[in-house]
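Hello,

Here is the structure I promised to pass on. Please open it first, then read my notes below.

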Amino acid sequence: MKDSTTVGRGAEGLIAPDLTLDMNRLRLGGTDVVLLAGVVFWMIYMVNGFRLPTAPIEISDKNAGATVRQLVFSACGGIALFRLLCTRCLGPILVLRWPMVCLIGLIFLSCLWSERPELTIKRGIIFVFGALSLMVLVHGSKRPTALMLRTVVFFVGVVASLSILFYIVLPTACTVNPARPGLAGVSVHPNTLAPFLSIGLILSFAFRAETGVDKLMLRVSQIASGMALFMAFSVTTLATTMIGVGIYVFLVSSSYRRGVIQLLAIGIISVVSVVGLQTVKGELFDAAGRDESLSGRGDLWQAVQYEIEKTPMVGHGFGSFWVEGKGRELVQTWNPRQSHHAYLDVLLDLGVLGLIIVILLFVVRLLLAWPRVSGCVNSDQRRASGAMIAVAFSYMVFYAFGQSYLLRFDAFPFFVLFWITLLITNRDRNCMESEYEYERGEN
């Protein structure tokens with residue numbers, strides 16, 4: 001029998017067992033299916049903005065769907081907050097997640113120097129809604145890791161399958177962006193669709209199919225995601241996926257195989273050093289049929305860096321820089337709504353102080369938590385933790401240098417990164433060690 005303060009071998013070392021006991025009230029009724037449905041609607045918005053599949057994809061500078069986005073995000077946040085208040089778990093969850101609360105505090109504190117305080121407050125509230133929604137899903141489920149894997153993998157499988165199906169049966173104008181070749185599918189742009197497919201494919205390696213239906217759905221999801229990802233031909237996302245798969249294979253392999261992988265990596269780095277990084281880069285861009293200027297990103301980055309230098313330590317205020325027409329004002333030739341560089345946008349919003357906090361929260365904490373959550377080689381826990389770490393780091397060390405997504409809950413990579421970070425750093429009674437404790441019992 002476990003006493004009132006014991007969580008089990010997998011969750012030893014909890015710093016606040018009394019708080020985790022309070023959090024049990026959040027799990028009494030099981031996973032909140034209404035909130036889960038709201039989160040699924042949130043993901044639908046992220047992938048296509050509720051665009052009808054039969055509607056042609058249009059090129060427009062307008063920020064369409066902002067009102068719908070706010071309604072969906074507000075509904076999810078309201079449901080999560082209501083659940084926390086009813087179970088008297090708002091205080092305990094804020095204490096358990098104090099690092100995330102510090103980030104939220106900085107976001108709202110930036111109102112003091114924001115160029116548009118009202119915009120900072122509005123976008124800060126949206127951030128809070130997203131954070132609370134995922135916190136309640138994580139702490140309100142008895143098997144939060146399995147819930148995340150099932151939700152993301154099967155959702156992406158549906159998105160990939162429908163994208164391919166619509167590409168076959170609908171006019172090209174409905175599934176291909178006229179300004180960018182490659183499958184856009186149910187989305188409006190290949191670069192929007194591709195991260196969904198990439199993240200779903202990597203996480204699918206960790207999904208444990210418990211029934212025949214699950215196995216069939218998993219294989220369909222993997223095949224459709226791989227095909228659609230290739231058809232989208234987003235070079236940045238394809239490279240990120242390969243890096244993510246490499247990290248996953250490295251993490252789940254035995255010590256001997258990890259040694260072999262390290263030797264191969266050292267060999268590749270040595271060859272690149274001899275040939276020359278610029279030469280290799282040029283050959284890769286030529287093979288992909290893309291220009292080395294990264295579709296004008298170089299000019300955009302120069303303009304953004306000039307803006308960062310104006311307020312380097314604290315930034316311009318969270319969410320206050322990118323407003324309607326700002327991109328065209330910077331580069332004239334096109335109208336970007338982001339820097340296409342995640343770390344530059346963090347510097348724009350919150351400066352060096354914000355960047356340090358982001359790295360501490362989403363890089364350092366994941367690295368520190370890995371020894372605790374890694375599990376044994378060939379175990380479900382190792383595959384789950386390895387896949388989540390692979391997604392997090394492949395997107396933070398590669399994808400982030402070509403696309404902006406950090407601190408944006410309307411961007412799927414950050415949505416999943418935040419979810420993954422909550423799971424990996426969870427010290428509640430439903431933490432990963434407890435969720436997969438049955439494996440240790442079988443050994």
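**What I found**

Glu115 is partly exposed, with 43% relative accessible area. Here, buried means under 20% relative accessible area, exposed means over 50%, and partly exposed is in between, using a 1.4 Å probe and protein chains only. The partner of Glu115 is Arg116, and their side chains form a salt bridge at 3.7 Å, N to O. A salt bridge needs a side-chain nitrogen of Lys or Arg within 4 Å of a carboxyl oxygen of Asp or Glu. Arg116 is also partly exposed, at 28% relative accessibility.

Two notes before going on. This is a predicted model, so local features need pLDDT of at least 70 and side-chain atom pairs count only at pLDDT 80 or more, while totals for chains, interfaces and linings use all residues. Residues are numbered from 1 along each chain as its sequence is written, and side-chain values use heavy atoms, with hydrogens and water left out.

**Overview**

The protein has 19 helices and two strands. These are DSSP runs, numbered from the N terminus: helices are H or I with at least four residues, strands are E with at least two. Of the 443 residues, 53% count as buried. Take contacts between residues at least 6 apart in sequence: 77% of them join residues at least 24 apart. Contact means heavy atoms within 4.5 Å.

Arg150 and Asp214 form one of them, at 2.9 Å, N to O. Arg150 lies in helix H7 (residues 144–169) and Asp214 in helix H9 (residues 212–232), so the pair ties together parts 64 residues apart in sequence. Is Asp214 buried or exposed? Asp214 counts as buried, at 7% relative accessibility. Arg150 is partly exposed, at 33%.

Arg372 and Glu433 form another salt bridge, with their closest N and O atoms 2.8 Å apart. Arg372 sits in helix H15 (residues 342–373) and Glu433 in helix H18 (residues 432–435), 61 residues apart. Arg372 is partly exposed, at 24%. Glu433 is buried, at 4%. There is also a network: salt bridges with shared partners join Arg208, Asp380 and Arg383.

**Helices**

Helix H5 (residues 98–109) has 12 residues. From first C-alpha to last, H5 reaches 16 Å, close to the 16 Å expected at 1.5 Å a residue. The expected span is 1.5 Å times one less than the number of residues. The buried residues of H5 are Pro99, Met100, Leu103, Ile104, Leu106 and Ile107. They cover an arc of only 155° around the axis, which puts them on the same side of H5. The arc is that of the directions from the helix axis to the C-beta atoms. What do these buried residues pack against? Their partners are helix H4 (90–96), helix H6 (117–139), H15 and helix H17 (412–424).

**One tryptophan**

Trp419 lies in helix H17. Trp419 counts as buried, at 1% relative accessibility. Leaving out residues up to four places away in sequence, Trp419 touches Val39, Leu134, Leu137, Val138, Met148, Thr151 and Val152. Trp419 and Leu137 are 282 residues apart along the chain, yet their C-alpha atoms are separated by 9.1 Å.

Best wishes
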